[in-house]
Amino acid sequence: MTLFVLTVAIYLLQILFDGYLILSSEQPVGIFYLVSRFINGPSIQSLVLLGGGVDSLFLSGEWYRAFTPIFLHASLMHIFSNMLTLVIVGPFVEKLFGKGKFLLVYLITGVWGNLLTFIFDPNPNVVSVGASGALFGLFGVMIVSGWYNRNNFVFRRQLIIFASLAAFNLIGNLNDPSVDIWAHIGGLISGSLLAIVFDFPTSVYGRIKQPARILAVILLLLPVAYFAWRMRIL
């Protein structure tokens, strides 16, 4: 899977970049240092320089920071858990919606989750990274497609499984300060909205009505409109 390979490659580049920063400060870099960074993750300085989500920098005009954190990770365990989820859930979404829409879901929900973090948790001392928003976006499209086809046993089972996974992860991480809960919530909401926008066939209601799709698009654009207004772009 392309996203998997790309994300792992970027994590390795993060470690090498961290080593480069140490060398630039004229400090020795040994193999044990790189192994330690590989396991424990790169420094905060590296994450910021490589595009980690920082509210103050985003508001100063570095808008790419709503996108780049999707492909950055803070530690080996962080990327392992996220990529394991991607490998398990990704093929279901890709099979149901196709490669193009799968990629759109991953990227749009990842950005949407980061935007919600900037809105509801604007902490200048926190650097947000990780693909969790995008992964919750995959949960969202699977939950909505399962709901719209819940009279089918396969889709009903899909609905139960992915709704349970989303609920378990959200509730389990509520009190964990290291988890960007707003990225999770944003990914889940935007993934659910994208499923409606994609107008997939449903066995319960027939085709999704045009007004519902228009409303979903409007809701998806709200965080973008908010920041456009806040930065006085419009």
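This is a predicted model: local features need pLDDT of at least 70, side-chain atom pairs count only at pLDDT 80 or more; totals for chains, interfaces and linings use all residues.
I will start with the largest pocket. Its volume is about 920 Å³. The lining is made up of 34 residues. Which of them lie nearest the centre? Those are His78, Ser178, Val179, Asp180 and His184.

Now the helices around the largest pocket. Two or more lining residues come from each of H3, residues 44-49, H5, residues 76-97, H7, residues 132-148, H8, residues 153-172, and H9, residues 181-197. Which helix gives the largest share? H5 does, with seven residues. Sorted by class, the lining of the largest pocket holds 19 nonpolar residues, twelve polar ones and three charged ones.

Next, the second largest pocket. The space in it comes to about 350 Å³. Its lining counts 14 residues, and Phe92, Met142, Val154, Gln158 and Phe162 are the closest to the centre.

Where does that lining come from? H5 and H8 each contribute at least two residues. Here the largest share belongs to H8, which supplies seven residues. As for class, eleven lining residues of the second largest pocket are nonpolar, one is polar and two are charged.

To recap the helices: H5 gives the largest share of the lining in the largest pocket, and H8 gives the largest share in the second largest pocket. H8 also gives two or more residues to the lining of the largest pocket. That is all I have.

Definitions and conventions. Residues are numbered from 1 along each chain as its sequence is written. Side-chain values use heavy atoms; hydrogens and water are left out. On a 1 Å grid over the protein atoms alone, a cavity is a set of points where a 1.4 Å probe fits but cannot get out, and a pocket is an open set with protein on both sides within 12 Å along at least five of seven lines; lining residues have an atom within 4 Å of a point. Grid points are joined across faces, edges and corners, and a volume is the space filled by probe spheres set on the points. Helices (H or I, at least four residues) and strands (E, at least two) are DSSP runs, numbered from the N terminus. Ala, Val, Leu, Ile, Met, Phe, Trp, Tyr, Cys and Pro count as nonpolar, Asp, Glu, Lys and Arg as charged, and the others, Gly among them, as polar.
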